[in-house]
Protein chains: 2
Amino acid sequence: MLVNGSPFRTIWLDDDGRRVRIIDQTRLPHEFVVRTLATVGDACVAIRDMQVRGAPLIGATAAYGMCLAAHGDPSDAALDSAVDALLATRPTAANLRWALDRMRTALDDVAQDDRIACAYALAAQICDEDVEACRTIGVHGDSVLRDLASRKNTPLNILTHCNAGWLATVDWGTALAPIYHAHDAGITLHVWVDETRPRNQGAALTAWELAAHGVPHTVIVDNAGGHLMQHGHVDVCITGTDRTTATGDVCNKIGTYLKALAAHDNGIPFYVAAPSSSIDWAIRDGLRDVPIEERDGCEVSRITGCAADGATTTVQLTPAGCPTANPAFDVTPARLVTGLITERGLCDATEAGLAALFPEHVVGTGA
Amino acid sequence: MLVNGSPFRTIWLDDDGRRVRIIDQTRLPHEFVVRTLATVGDACVAIRDMQVRGAPLIGATAAYGMCLAAHGDPSDAALDSAVDALLATRPTAANLRWALDRMRTALDDVAQDDRIACAYALAAQICDEDVEACRTIGVHGDSVLRDLASRKNTPLNILTHCNAGWLATVDWGTALAPIYHAHDAGITLHVWVDETRPRNQGAALTAWELAAHGVPHTVIVDNAGGHLMQHGHVDVCITGTDRTTATGDVCNKIGTYLKALAAHDNGIPFYVAAPSSSIDWAIRDGLRDVPIEERDGCEVSRITGCAADGATTTVQLTPAGCPTANPAFDVTPARLVTGLITERGLCDATEAGLAALFPEHVVGTGA
C-alpha cells in the first residue's frame, strides 16, 4: 500500500537482486525505517526482534532468509543449519515452519549450483501468493462494504481490532484489505481503530498504515467500541484471525470476543477476514481446543512510547511488584461471526459454510 | 482501609483540629504522599488537579474547603466566594454542588461566631455519612460474596472495572466495600483488576489499594476479562456506577458494558454497587438520556507512568497527529445487571426493585 504516496510492500528485494529490505516495524509509528538484511543472521534478528511480525510476513522473511543462507553457502549442511536458526526465532509461528519446509524441500530437489536462483524464485513466489490471497480477500470483502455503504449517506464506519493490515502480510493485509479496496474505489469510509492493549498494535501499526495510505480513521481505547455501537456509530466490524476452526470459531487477538458480543447485541455485522492458511481443519471447538498463549506480564505492567524528548521510553503503569496476567488471544464463538471472508469468497462461519468453499478439506469426501 | 497495616481514610482532620489532610492520588501508585490543605485555595487545587477524585471524596473535600474558608473569614461574602471557587474546580461533579449547597445552607442559619465550629461539625458528618453508606453497601454485598464462595472450594474470583474503592470515597469504597468486608471476614478471594484505559484507574488505584490492604489481585488489560469468563476464571463481577437510572440502567466508566455483555454470555452474575446518591430518579432510559462526557483525546494518544529513572513520564502511543476519540462512560442496560447493591440492601435492577427500596422517590405515592 501507499506510504506518503509511494507504493510499498513490507518486504522486497534490494536493487542488487540479492539483499532483502524490510520496514522495521519496531520503530513505527514514530519513525519509518527501512532495514537491509544481508545474511541469514540478519533475517533471524528481524523475526526474533519483531522488526517483522504477522504470520504471512514472518513466513516470507524466513523464505528470504533461506535465500541469503544459500547465497552464503548452498550446501545441505548450511541450509539445514539456516532452517534450525530461523525456526528458533519464533517457535510457535506456524507460517515460519510452513515456509521453511517449502523452501527446504524445493532446494533439496535441485543441484547446489542452481539453489540460489531457485531460492530467490520461490521466495518471490511465496510473497506473490500471499499478496494475491490478501488482494482477493479484499475484493470479496469490498463487496460487503459496498453493499453496506449503499444503504447510507454518511461515511461507512468500520471498527477493527489489532493489526490485520498490510504490515502483518506482504501487502494489502487481511481485515484491512477490503477497506483499502473500498477506499481506493471511492467509497466514503472511516475506521475506528481499537488501540489493542497490551501491545497496542492498533494505535501503533493500524493507525500508522491507514494514515500512510490516506484512509480516515480514529483511534479509541479498547473499552470504547461497545458504546460507539450502542449509539449507531459503527456499521460493521472486521477483524483478522490467528486460527479458525473447521466450525468457524475464531481465535484472534485478546478482546476480539468482547467486540463480537457488542456487535451481536447491537445488530451490527461482524466479519472475520480468514485466509485459508488460518483454518485449522483438525479443530472443531475453539474454546476447548485452541491453546491460548500466556505472554509476559510486563506487557501489562509497562508500556513503551515516545517521550517528549523523542526517546523511545518504557514506563511502569502498575504498582511495583503488582501481579499481572496476560492472555494474548481469545476465541470468538462462530455464533457471533456474521461471515468469514476468505480468498475463495464469503461464507457462513459454520462447518457447512467452510466445507462448501474448501471441499478438499472435508473428511470422507475422498478428496 | 489499611495502608501497610495502618488504617486510613482518604481525608481527615489534622492534629491541629483545623487543617485537612489528604492522600495525593496523582502520585499513586508509585508514591504515597499525604498533603496538608491549609486554605480554601489548597482545597480548590486538590480537587481541580485530581489529588482527590471520586464523587463522594470530591464532596467531602469541598465541605472541608468551606471549613478552611470559614476559618479565614466567616462572612457571607467570603463564604459565597469560597463556594464559587470550589464549584469552578470540577463543574460537572454533582456531589460537589450537593456538598457546597448543604454547607452554605447550614452556615446561613448560624451566627458568624459559630460558623467555624458548625462547618467542621458538618464536614465531619458528611464524611461519616459517606463512610456509613459505603460500609453498609459492603455488608449487603458481602452476603452475596459469601453465598457464592460457599458453593466453591477455590478462591472466589471477582472482576472489577475502574476504581470504585475507598480511594474514590472517604473509606470502604462502593464496589470494593463488599470485597474488603469478605476479605476481612476470612473469605478466600482474588480480584481481577481491569487496568481501565484510558486513565488506568484500575492499574494505578484499585491495584494499589488492594495491595495496601492485603487483598490478592491480578491486573489485566481491559481486553482480557471476556476470555477469563469463558474459561471459568471469574465467579462474579462488581462495578461502581456514576449514575443509575430509576429503571436500573447503569452509567459507569467506559468499558463496563463490554464486561456486562461477557458476564451475561457466560452466566456470571454482574452486580453494581449503587449508593442512592448515584440514582437519578428523573431518568428512565440510560442510553437515550444520560449525556456521555467526551474527554480530551490526549488521554488516548498518551499515557503517563514511572520511567526507569523514577521520573513520572508521559509517552506518545499513536502516530503524531493521529485522530482520537475518548468517550468517558458507557451505559449498561439494566437487563445485563444481576442486582444493585445499595446502602438499603440488594435489589433487582428494575424500576420495581428500586422503588421497593426507595419508596419515597416513587412519583404518585404521595411521599
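**Exercise 1. Is A:Tyr120 buried or exposed, and what does its ring pair with?**

Start with the cover: A:Tyr120 has a relative accessible area of 12%. Buried means under 20% relative accessible area, exposed over 50%, and partly exposed in between (1.4 Å probe, protein chains only). So A:Tyr120 is buried. A:Tyr64, at 6%, is buried too.

Next, the rings. Rings of Phe, Tyr and Trp (its six-membered ring) pair if their centres lie within 6.5 Å; planes under 30 degrees apart are stacked, over 60 edge-to-face, and the rest tilted. The centres of A:Tyr64 and A:Tyr120 are 6.4 Å apart with planes at 55°, so this pair is tilted.

Helices here are DSSP runs (H or I, at least four residues), as are strands (E, at least two), numbered from the N terminus.

A note on the source: this is a predicted model, where local features need pLDDT of at least 70 and side-chain atom pairs 80 or more, while totals for chains, interfaces and linings use all residues. Residues count from 1 along each chain as written, chains are lettered from A and ligands numbered from 1 in written order, and side-chain values use heavy atoms, without hydrogens and water.

**Exercise 2. Which residues do ring pairs link into a cluster?**

Look for A:Phe8, A:Trp12, A:Phe32, A:Trp166 and A:Trp208. Over all chains, the search finds 12 aromatic pairs.

**Exercise 3. How many residues of H2(B) are buried?**

Count them: 14 of the 18, so H2(B) is largely enclosed by the rest of the structure.
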